[in-house]
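Have the model open beside you as you read.

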Amino acid sequence: LQAKSLQIFNFEVKAGCAEGFSGSPSVEVCTAQGEAFKVSGCSKTVSCQSPVDQRGYAVTETNKEVKEFKVEATCASGYYGEASVTPCAEGNMPYVLDGCKFKKSCKAPKDSEGYEVTETNMELHKFAVTATCGKGFTGKAKVTPCTDNSQEYRLSGCKAIAVCQSPKDTKGYVV
């Protein structure tokens, strides 16, 4: 409070909200000698806490007060999805981060003999790997994604074409 004059006819008092309080303060002059003037408009600030685990999110906290809550998030590098921030339901509770998932990626198999492989995207949620049978192989190539991070994807469906060998003795024959 900043009081320049407490006289009823020349009343001039300015008020602001104290630390830990927020709102639009107002001051009302008293109506009789000895009465207290009235202050109103400030209430205890209710703020959210930052969540302990923010793994997978890039967070920008502008205002954690519930009334003027402004916290933004995006998925951090190595994560994908649509990040969302939900304010806390009660003061001194953490706000909620949701929507980002860890990017799991497959690895190429160590042995891809018999296959011609095209790797467009190795991330499991966008997996795009195609294969055909290579030269000297036949069948219908199939690519099966890995089931967990850093595992190899599987190639199947191609078999080596059986080839006969020429006999060692071809004397008297045109082969």
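What follows goes from one serine to a hairpin and then to the disulfides.

This is a predicted model, in which local features need pLDDT of at least 70 and side-chain atom pairs count only at pLDDT 80 or more, while totals for chains, interfaces and linings use all residues. Residues are numbered from 1 along each chain as its sequence is written, and side-chain values use heavy atoms, with hydrogens and water left out.

Start at S5, which lies in strand β1 (residues 2–5); strands are DSSP runs of E, at least two residues, numbered from the N terminus. S5 counts as buried because its relative accessibility is 12% (buried means under 20% relative accessible area, exposed over 50%, partly exposed in between, with a 1.4 Å probe and protein chains only). A polar atom of the S5 side chain lies 2.8 Å from the backbone oxygen of N10. Leaving aside neighbours within four places in sequence, S5 is in contact (heavy atoms within 4.5 Å) with N10, F11, E12 and V13.

Next, look at β5 (residues 57–63) and β6 (residues 70–75), which pair in the antiparallel sense over 6 bridges; pairing requires that DSSP finds at least two bridges between two strands. The two form a hairpin with 6 residues between them, and E61 stands opposite V71 in β6.

Now to the cysteines. A disulfide is a covalent bond between the sulfur atoms of two cysteines, and here the criterion is a pair of cysteine sulfur atoms within 2.5 Å. The whole structure holds 5 disulfides. One of them joins C48 to C88, S to S 2.1 Å. C48 sits in the loop between β4 (38–44) and β5, and C88 in the loop between β7 (79–86) and β8 (96–102), so this pair ties together parts that are 40 residues apart in sequence. C48 is buried at 1% relative accessibility, and C88 is buried at 7%.

Another disulfide joins C75 to C100. This pair links distant parts of the chain, with C75 in strand β6 and C100 in strand β8, 25 residues apart. The torsion about its S-S bond is about -90°, so the disulfide is left-handed. C75 is partly exposed at 21%, whereas C100 is buried at 14%.

With a relative accessible area of 11%, C30 is buried.

Methods:
Helix = DSSP H or I, 4+ residues; strand = E, 2+ residues; numbered from the N terminus. Polar contact = N/O pair within 3.5 Å; in protein donor to acceptor, adjacent residues only side chain to side chain.
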